[in-house]
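Q: I would like a close look at one part of this model, followed by a connected account of how other parts of the fold are put together. Please take your time over the details.

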Amino acid sequence: QVQLVESGGGLVQAGGSLRLSCAASGSTASRYAMGWFRQAPGKEREFVAVIGWSGTSTYYADSVKGRFTISRDNTKNTSYLQMNSLKPEDTAVYYCTADLRSAQVVDGTSRFWGQGTQVTVSS
């Protein structure tokens, strides 16, 4: 079992920035792809970004491409989501997720999920 804990959410004005962190712990003998999903009020959970276990490949949803950057520091077992030029429509609970394959992270079938952190962007 892998435990994932998000941090860094909060309230920002439109155009501002936030950096989310996801710390992994537990049974981490395997190396996992890590990613981020979000769920806005009244909407279904949607994919945001993923990064492979080695950090050499990334993939983003079109809605955040050019504004968000995913990265990871394997020495700290932590992934990051740098969010710039935030818009009110980015308001959502953001969830960290992980699994052995990036494909499972992208399609939402990954096994391990964090508890979520709230991001609110005011207009």
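With which side chain does the side chain of Ser 54 make a polar contact, and at what distance?

A: The model is a predicted one, and what follows describes its computed geometry. In this model the side chain of Ser 54 makes a polar contact with the side chain of Thr 56, at 2.8 Å. Ser 54 belongs to the loop between E5 and strand E6, the latter covering residues 58-60. Its relative accessible area is 37%, so Ser 54 counts as partly exposed. As for its place in the fold, Ser 54 and Asp 90 are separated by 36 residues in sequence, and their C-alpha atoms lie 28 Å apart in space.

The largest nonpolar core has 34 residues, and Leu 4, Trp 36, Leu 81, Met 83 and Tyr 94 are the members that touch the most others. At least two residues of this core come from each of E1, E3, strand E4 (33-39), strand E5 (46-51), strand E7 (68-73), strand E8 (78-83), E9 and strand E11 (117-122), and E5 gives the largest share, five residues. Leu 4, apart from its neighbours within four places in sequence, is in contact with a set of residues that includes Met 34, Phe 112 and Trp 113, as well as both Cys 22 and Cys 96.

The structure holds one, and it joins Cys 22 to Cys 96 with an S to S distance of 1.9 Å. The link connects distant parts of the chain, since Cys 22 is in strand E3 (residues 18-26) and Cys 96 in strand E9 (residues 92-99), 74 residues apart. The torsion about the S-S bond is about -80 degrees, which means that the disulfide is left-handed. Cys 22 has a relative accessible area of 0% and is therefore buried, and Cys 96, also at 0%, is buried as well.

Glu 6, in strand E1 (residues 2-7), touches both cysteines too, along with Ser 21, Trp 36, Tyr 94, Tyr 95, Gly 114, Gln 115, Gly 116 and Thr 117, when residues up to four places away in sequence are left out. Glu 6 is buried but has no salt bridge, and the nearest side chain of opposite charge, that of Arg 45, is 7.9 Å away, whereas a salt bridge would need the charged atoms to be within 4 Å. What the side chain of Glu 6 does meet is backbone: one of its polar atoms lies 3.0 Å from the backbone nitrogen of Gln 115, and the side chain also reaches the backbone nitrogen of Gly 116 at 3.0 Å.

Definitions and conventions
Residues are numbered from 1 along each chain as its sequence is written. This is a predicted model: local features need pLDDT of at least 70, side-chain atom pairs count only at pLDDT 80 or more; totals for chains, interfaces and linings use all residues. Side-chain values use heavy atoms; hydrogens and water are left out. Helices (H or I, at least four residues) and strands (E, at least two) are DSSP runs, numbered from the N terminus. Buried means under 20% relative accessible area, exposed over 50%, partly exposed in between (1.4 Å probe, protein chains only). Lys and Arg count as positive and Asp and Glu as negative; His and the chain ends are not counted. A polar contact is a pair of N or O atoms within 3.5 Å; within protein, one must be able to donate a hydrogen and the other to accept it, and residues adjacent in sequence count only if both atoms are side-chain atoms. Contact means heavy atoms within 4.5 Å. A disulfide is a pair of cysteine sulfur atoms within 2.5 Å. A nonpolar core is a set of buried Ala, Val, Leu, Ile, Met, Phe, Trp, Tyr and Cys residues joined through side-chain atoms within 4.5 Å.
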